[in-house]
Amino acid sequence: MSRRYLTIVGCVVVLAFPSVNGWAAVRAKAGKTVTKTVVGTTVICKKWGPIQVRLKVAQTIVGGKVRFKILEVTEPIWPQHTVKSVFINQKALPLLEQQVLQLQSSRIESISGATDVSVSFKQSLTAALLAAAKVS
């Protein structure tokens with residue numbers, strides 16, 4: 001083989017390694033995704049009873065920042081003090097859950113006729129989102 005050929009091959013190999021290292025750096029910054037469950041505080045919904053929001057989130061750390069996607073919203077505790085509160089919450093809570101999944105935030109609209117529950121739901125949701133933003 002000629003010296004010129006070996007020099008060209010050597011240059012190509014040397015120039016290829018920084019890009020390989022660059023890809024490794026990009027993959028390292030992406031981080032791995034962890035699924036976890038976080039729970040908001042239990043909030044007393046005036047005369048109706050307590051409510052608590054639980055979120056299932058996919059958490060990824062990218063460039064030192066925590067990013068998460070809400071996968072599921074449930075309420076392990078919700079107002080069931082009276083027949084009226086049960087009726088209202090069976091209608092309102094699925095709508096609130098749907099908004100959270102669509103917007104991926106606590107900037108949800110209150111449900112007409114279920115204002116107390118909506119406000120308390122948002123308070124517990126905000127606490128759960130703060131817990132989701134923490135690195136575990």
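How do α2 and α3 lie to each other: parallel, antiparallel, perpendicular or oblique? I worked on a predicted model, where local features need pLDDT of at least 70, side-chain atom pairs count only at pLDDT 80 or more, and totals for chains, interfaces and linings use all residues. Residues are numbered from 1 along each chain as its sequence is written, and side-chain values use heavy atoms, with hydrogens and water left out.

**Helices.** I looked up helix α2 (residues 83-103) and helix α3 (residues 115-133), which pack at an angle of about 40 degrees with axes 11 Å apart. Axes are lines fitted to C-alpha atoms, for helices over the stretch in contact, and angles run from 0 to 180 degrees between N-to-C directions. α2 and α3 are therefore oblique to each other (under 35 degrees is roughly parallel, over 145 roughly antiparallel, 65 to 115 roughly perpendicular, the rest oblique). I then listed the contact (heavy atoms within 4.5 Å): α2 gives Asn89, Leu93, Leu96, Glu97 and Val100, and α3 gives Val117, Ser118, Phe121 and Leu125.

**Strands.** Next I took the strands (DSSP runs of E, at least two residues, numbered from the N terminus) and their pairing (at least two DSSP bridges between them). Strand β1 (residues 33-39) runs antiparallel to strand β3 (residues 49-62), joined by seven bridges. Val34 has Gln59 of β3 as its bridge partner. β3 also pairs antiparallel with strand β4 (residues 65-77) over 10 bridges. There, Arg54 is partnered by Thr74 of β4.

**Turn.** I checked the hairpin of β3 and β4: two residues lie between the strands, and Gly63 takes a positive phi near 60 degrees.

Technical notes: Helices (H or I, at least four residues) and strands (E, at least two) are DSSP runs, numbered from the N terminus.
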